[in-house]
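Please read the points below beside the sequence and the model.

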Amino acid sequence: MEAAIDRIMQTYDLLANRTAAASEEAKAKVTNYLNTLMEAGEKDTHRLTVCGLTYLRQLDGSVDPVKAGYTGL
């Protein structure tokens with residue numbers, strides 16, 4: 001799981017410019033989320049990485065078209 005968390009945080013840090021405190025908060029949240037997935041039976045590191053990145057992007061609103069700046073025009 002540590003390998004997945006390291007990959008998630010490296011990739012996520014490339015996507016967004018955040019403070020160190022925000023990065024630590026994101027790491028704590030994604031760690032809890034991955035623990036839940038692993039308790040449910042997920043063991044594939046690649047799948048955990050993708051799920052973790054998706055989870056963080058949902059938290060910060062970057063997958064929301066309105067928050068990302070899309071106006072529909």
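1. A residue counts as buried when its relative accessible area is under 20%, as exposed when that area is over 50%, and as partly exposed in between. Ser 23 has a relative accessibility of 15%, so this residue counts as buried. The model discussed here is a predicted one.

2. Overall make-up. The secondary structure consists of three helices and zero strands, and the elements follow one another from the N terminus as α-α-α. The protein has 73 residues, of which 22% count as buried. Among contacts with a separation of 6 or more, 58% are between residues 24 or more positions apart.

3. The packing of α1 and α3. Two packed helices are described by the angle between their axes and by the distance between those axes. Helix α1 covers residues 2-15 and helix α3 covers residues 45-60; they pack at an angle of about 40 degrees, and their axes are 9 Å apart. That angle makes α1 oblique to α3. The crossing of these two helices is right-handed.

4. The residues between α1 and α3. On the α1 side, the contact includes Ala 3, Ala 4, Arg 7, Ile 8 and Tyr 12. On the α3 side, those taking part include Leu 48, Thr 49, Gly 52, Leu 53 and Leu 56. Sorted by class, the contact of α1 with α3 has nine nonpolar, five polar and three charged residues.

5. The packing of α2 and α3. Here the angle is about 130 degrees and the axes lie 10 Å apart. This makes α2 oblique to α3. The crossing of α2 and α3 is right-handed. From α2 the contact involves Ala 26, Lys 29, Val 30, Tyr 33, Leu 34, Leu 37 and Met 38, and from α3 it involves Leu 48, Cys 51, Gly 52, Tyr 55, Leu 56 and Leu 59. By class, the contact of α2 with α3 has 11 nonpolar, one polar and one charged residues.

6. Ile 8 as a point of reference. Leaving out residues up to four places away in sequence, Ile 8 touches Val 30, Leu 34, Leu 48, Thr 49, Gly 52, Leu 53 and Leu 56. Of these, Val 30 and Leu 34 also belong to the α2 side of the contact with α3. Ile 8 and Lys 27 are 19 residues apart along the chain, and their C-alpha atoms are separated by 8.6 Å.

7. Thr 49 is placed in helix α3 and is buried, with a relative accessible area of 9%. Apart from neighbours within four places in sequence, Thr 49 is in contact with Ala 4, Arg 7 and Ile 8. Ser 23 lies in helix α2. Its contacts, not counting residues up to four places away in sequence, are Met 9, Asp 13 and Arg 18.

8. Salt bridges. How many salt bridges does the count come to? The count is three. One joins the side chains of Asp 13 and Arg 18, at 2.5 Å from N to O. Asp 13 is partly exposed at 38% relative accessibility, and Arg 18 is partly exposed at 24%. Both of these residues are touched by Ser 23.

9. Lys 29 pairs with Glu 25, with the closest N and O atoms 3.2 Å apart. The two residues are four residues apart in helix α2, which spans residues 20-39, so they are separated by about one helical turn. Lys 29 has a relative accessible area of 35% and is partly exposed; Glu 25, at 45%, is also partly exposed. Lys 29 takes part in the contact of α2 with α3 as well.

10. The remaining salt bridge. The side chains of Glu 42 and Arg 47 meet at 3.1 Å, N to O. Glu 42 counts as partly exposed at 21% relative accessibility, a value that is not under the 20% set for buried residues. Arg 47 is partly exposed, with a relative accessible area of 48%.

Key:
Residues numbered from 1 in each chain as written. Predicted model: local features only at pLDDT ≥ 70, side-chain atom pairs only at ≥ 80, totals over all residues. Heavy atoms only, no water. Salt bridge = Lys/Arg side-chain N within 4 Å of Asp/Glu carboxyl O. Buried < 20%, exposed > 50% of the residue type's maximum accessible area, 1.4 Å probe, protein only. Axes fitted to C-alpha atoms, helices over the stretch in contact; angles between N-to-C directions. Parallel < 35°, antiparallel > 145°, perpendicular 65-115°, else oblique. Left-handed = near helix turned anticlockwise from the far one by under 90°. Contact = heavy atoms within 4.5 Å. Nonpolar A, V, L, I, M, F, W, Y, C, P; charged D, E, K, R; others polar.
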